[in-house]
Amino acid sequence: MSAELDWGEAADYILGQRPGLEPEHVWAVLKELGDPPSRAQERLALELVAHAAHGVSERDARAILAEWRAYAKLAAEDDWDD
């Protein structure tokens, strides 16, 4: 990622899109990975989450990653902050 993403905004976005997710799971994934992985890196990211963020199911981790990438895409748009 060229610009740093705000984790608080990312977590709010993810939880707004997927209200059934546990906030602590979202934060565990964000902290463990640092930046949203590309789709090509997803398998490795899921393995890292499985080992480091105990209690986060693969299903939830996939949902978090998908919404995190969506947030990153929106944040990269020129008019996101306007």
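Mentor: Start with Trp 68. Contact means heavy atoms within 4.5 Å. Leaving aside neighbours within four places in sequence, Trp 68 is in contact with Leu 5, Trp 7, Ala 10, Ile 14, Val 29, Leu 30, Leu 33, Gly 34, Asp 35, Pro 36 and Pro 37.

Trainee: What should I know about the model and the numbering?

Mentor: The model is predicted, so local features need pLDDT of at least 70 and side-chain atom pairs count only at pLDDT 80 or more, while totals for chains, interfaces and linings use all residues. Residues are numbered from 1 along each chain as its sequence is written, and side-chain values use heavy atoms, with hydrogens and water left out.

Trainee: Which residues touch the most other members of the largest nonpolar core?

Mentor: First the terms. Buried means under 20% relative accessible area, exposed means over 50%, and partly exposed is in between, with a 1.4 Å probe and protein chains only. A nonpolar core is a set of buried Ala, Val, Leu, Ile, Met, Phe, Trp, Tyr and Cys residues joined through side-chain atoms within 4.5 Å. Here the largest such core has 21 residues, and Val 29 and Trp 68 touch the most other members. Two or more residues come from each of α1, α2, α3 and α4, and α4 gives the most, with six residues. Helices are DSSP runs (H or I, at least four residues), as are strands (E, at least two), and they are numbered from the N terminus.

Trainee: How do I check the length of a helix such as α4?

Mentor: The expected span is 1.5 Å times one less than the number of residues. For the 19 residues of α4 that should give 27 Å, and the end C-alpha atoms are 27 Å apart, which agrees. The buried residues of α4 include Ile 64, Leu 65, Glu 67, Trp 68 and Tyr 71. As a group, the buried residues of α4 pack against α1, α2 and α3.

Trainee: Which residues of α3 are buried, and which are exposed?

Mentor: An α-helix has 3.6 residues a turn, so residues three or four places apart point the same way. In α3, residues 42-52, the buried ones are Glu 42, Ala 45, Leu 46 and Val 49. They cover an arc of only 100° around the axis, which puts them on the same side of α3. That arc is taken from the directions from the helix axis to the C-beta atoms. Leu 44 and His 51 are exposed on the other side. The buried residues of α3 pack against α2 (23-33) and α4 (58-76).

Trainee: How many salt bridges are there?

Mentor: A salt bridge is a side-chain nitrogen of Lys or Arg within 4 Å of a carboxyl oxygen of Asp or Glu. By this rule there are five. One of them joins Arg 18 to Glu 67, with the closest N and O atoms 2.9 Å apart. Arg 18 lies in the loop between α1 (7-17) and α2, and Glu 67 in helix α4, so the pair ties together parts that are 49 residues apart in sequence.

Trainee: Is Glu 67 buried or exposed?

Mentor: Glu 67 counts as buried, at 11% relative accessibility, whereas Arg 18 is partly exposed at 33%. Apart from neighbours within four places in sequence, Glu 67 is in contact with Tyr 13, Ile 14, Gln 17 and Arg 18.

Trainee: Which residues are linked in a network of salt bridges?

Mentor: The network links Glu 42, Arg 43, Glu 58, Arg 62 and Arg 69. Arg 43 bridges to Glu 58, the closest N and O atoms being 3.0 Å apart. Arg 43 lies in helix α3 and Glu 58 in helix α4, so this pair ties together parts that are 15 residues apart in sequence. Glu 58 also bridges to Arg 62, at 2.7 Å between the closest N and O atoms. Those two both lie in α4, four residues apart, about one turn of the helix. Arg 43 is partly exposed at 43% relative accessibility, as are Glu 58 at 40% and Arg 62 at 35%.

Trainee: How many aromatic pairs does the search find?

Mentor: A pair of aromatic rings is described by the distance of the centres and the angle of the planes. Rings of Phe, Tyr and Trp (its six-membered ring) pair if their centres lie within 6.5 Å; planes under 30 degrees apart count as stacked, over 60 as edge-to-face and the rest as tilted. The whole structure has one aromatic pair. Tyr 13 and Tyr 71 form it, tilted, at 5.9 Å centre to centre and 45° between the planes. The pair links distant parts of the chain, with Tyr 13 in helix α1 and Tyr 71 in helix α4, 58 residues apart. Both tyrosines, Tyr 13 and Tyr 71, are buried.
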